[in-house]
Every structure is written in structure tokens, then in C-alpha cells.
Amino acid sequence: ARQVRGLCGTYNGDGQDEFTTPAGDVEIGVAAFANAYRAAGDCPALGPGPLEPCDTFAGRRELAEAACAVLRGPAFQ
């Protein structure tokens, strides 16, 4: 069976495992979860503080909006 896993969660209706990392661990914090998917060197590691992605990575807003448009499009309906 195919399984969805990634930054969008597991899409299985169980909110308790939405922060599953590539290694199969379930993180409780957003920063630790995001860092598990971080490509080394592409983005700085996130600290434990509050995350404001639009403020922190303002230059990537257009890229993020384009990627989200695909996820919200007909391919994932």
C-alpha cells in the first residue's frame, strides 16, 4: 500500500502522527520536525523560537505560493 509522509503529514486522519520524520520518529515540536526534512545547506536550521516563515524567508514567498497552488490543485483533490 502507498503511504503519504512528509511536510504535509501522513493523510491518514490521525493527528497524532502528523509530525512523522523521514526516519519514522514522531516529533512534538515544529522546529525539530522541520529540521528533519531540511536539506543541508539550503536553509538555516530552525531554532526552538516561534516560526514566522513569511518574515524569516520573505524571498521564498513566491516559490512557496506556487508549491501550495499545486497541492491545492486538481491533482490532490
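User: What makes F33 and Y37 about one helical turn apart?

Analyst: Both residues sit in helix α1 and are four residues apart, so about one helical turn separates them. A helix here is a DSSP run of H or I with at least four residues, numbered from the N terminus. The model is predicted, so local features need pLDDT of at least 70 and side-chain atom pairs count only at pLDDT 80 or more, while totals for chains, interfaces and linings use all residues. Residues are numbered from 1 along each chain as its sequence is written, and side-chain values use heavy atoms, without hydrogens and water.

User: Why is F33 called buried?

Analyst: Its relative accessible area is 5%, and buried means under 20%, exposed over 50%, partly exposed in between (1.4 Å probe, protein chains only). F33 is therefore buried.

User: Why is the pair of F33 and Y37 called edge-to-face?

Analyst: The centres of F33 and Y37 are 5.4 Å apart and the planes stand at 65°. Rings of Phe, Tyr and Trp (its six-membered ring) pair if their centres lie within 6.5 Å; planes under 30 degrees apart are stacked, over 60 edge-to-face, the rest tilted. The pair is therefore edge-to-face.

User: How do you know that Y37 is partly exposed?

Analyst: Y37 has a relative accessible area of 26%, so it counts as partly exposed.

User: Which residues form one aromatic cluster?

Analyst: F19, F33 and Y37 do.

Conventions:
Helix = DSSP H or I, 4+ residues; strand = E, 2+ residues; numbered from the N terminus.
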